[in-house]
Amino acid sequence: MRAIEIAEPGGPEVLEWREVPEPRVERGEVLIDVAAAGVNRADVLQRQGFYDPPPGSIPYPGLEVSGVVAEVGADVEQFKAGDEVCALLAGGGYAERVAVPWQQVMPKPGGVSLREAAALPEVACTVWSNVFMIGRLRRGETLLVHGGASGIGTFAVQLAKTLGSNVITTVGSAAKGERVKELGADEIINYREEDFAEKVRADVILDIMGAKYLAGNVKALRTGGRLVIIGLQGGRKAEIDLGALLVKRATVHATALRSRPVDDKGVIVRSVVDNVWPLVEAGAVRPVVYAEVPLSDAAEAHRMMDSGEHVGKILLVR
Ligand SMILES: NC(=O)c1ccc[n+]([C@@H]2O[C@H](COP(=O)([O-])OP(=O)(O)OC[C@H]3O[C@@H](n4cnc5c(N)ncnc54)[C@H](OP(=O)(O)O)[C@@H]3O)[C@@H](O)[C@H]2O)c1
């Protein structure tokens, strides 16, 4: 089969469409004939040589796919050949076929196309696990989402709004702000013009900036607030004022989905299917697809992501 390999760390041009060995379906795995793969910021970091796949996982990029089950391994009773599914991966999604532990596979939710379903696993699992399972966002509380126009942000805004929260988000331009407002955000802050920490008080913050925003995020937390850091785009080391946290009885979490054990991912995946898929099927939360690019031309999709002009997800399609 063919897949996108990273010839060497570098720009989008290092992504090459090559013949690779056919994946073997091991016990407990599902082989998916890929219809589409989602592009994530993490894939860009992997391409640049800053984010190696976890030990033992497939070396080529791709953290999520949708497609049709081609075959199942021994002991898999939950899926069968012909099922339309999407899946969370530790790597290897930029390929014609991928084998994945059954725990990370989800039925395609109704109301979205098979291709669109590739836009869901990463954002749904990341937002649900961090904002709701860890952050325990409740109806009536305020969520601050940094980067509301990102793949993650567009999903977080819709999900939190649908579940009854007040949603504030940061964006880098007025045009992106308009788009995120259409998705339901109550308040938009242009991070190039305003300091969110001076304006916002939030019960839960979903952060993708890390060190650069740590002090501002702590300041913006309400008493009992929960800061959940999932990205380090603004660096990984910063000082924290523990006194401020202590007075607010606030908590700071930092989590990564990719490196979690399969069973942990399985718990999140099942919770997403139970809690989020019904909202997708009802049309309350939609995949936001910015562009579809042929899988063989992943370099073009990465150029798009590098330009930062997208709102929502970029998909690689077959
Ligand atoms: N820990 C995990 O398990 C996990 C899982 C998935 C994703 N993530 C992280 O989540 C983040 C988003 O991922 P993605 O794939 O959705 O990426 P993406 O679509 O490329 O989005 C990147 C976002 O960063 C925003 N941004 C850049 N500088 C900013 C600043 N100073 N303040 C606020 N926002 C800023 C951009 O906003 P504008 O475009 O408006 O400028 C853009 O929306 C990444 O950091 C990724 O690593 C973590």
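Ala, Val, Leu, Ile, Met, Phe, Trp, Tyr, Cys and Pro count here as nonpolar, Asp, Glu, Lys and Arg as charged, and the others, Gly among them, as polar. The model is predicted: local features need pLDDT of at least 70, side-chain atom pairs count only at pLDDT 80 or more, and totals for chains, interfaces and linings use all residues. Residues are numbered from 1 along each chain as its sequence is written, and side-chain values use heavy atoms, with hydrogens and water left out.

By these classes, eleven nonpolar, five polar and six charged residues line the second largest pocket. A pocket is an open set of points on a 1 Å grid over the protein atoms alone, where a 1.4 Å probe fits, with protein on both sides within 12 Å along at least five of seven lines; lining residues have an atom within 4 Å of a point. Gly-56, Ser-57, Ala-90, Pro-101 and Gln-104 lie nearest the centre of this pocket. Strand S6 (97-101) gives the most to its lining, with three residues.

The largest nonpolar core has 42 residues. Such a core joins buried Ala, Val, Leu, Ile, Met, Phe, Trp, Tyr and Cys residues through side-chain atoms within 4.5 Å; buried means under 20% relative accessible area (1.4 Å probe, protein chains only). Members touching the most others include Met-106, Phe-155, Leu-159 and Trp-277. Helix H2 (121-134) is among the contributing elements, and the largest share, seven residues, comes from H2. Beyond its neighbours within four places in sequence, Leu-159 is in contact (heavy atoms within 4.5 Å) with residues including Trp-128, Phe-132 and Val-276. A second, separate core of 26 residues includes Ile-4, Phe-79, Tyr-94 and Leu-316.

Definitions and conventions
Helix = DSSP H or I, 4+ residues; strand = E, 2+ residues; numbered from the N terminus. Buried < 20%, exposed > 50% of the residue type's maximum accessible area, 1.4 Å probe, protein only.
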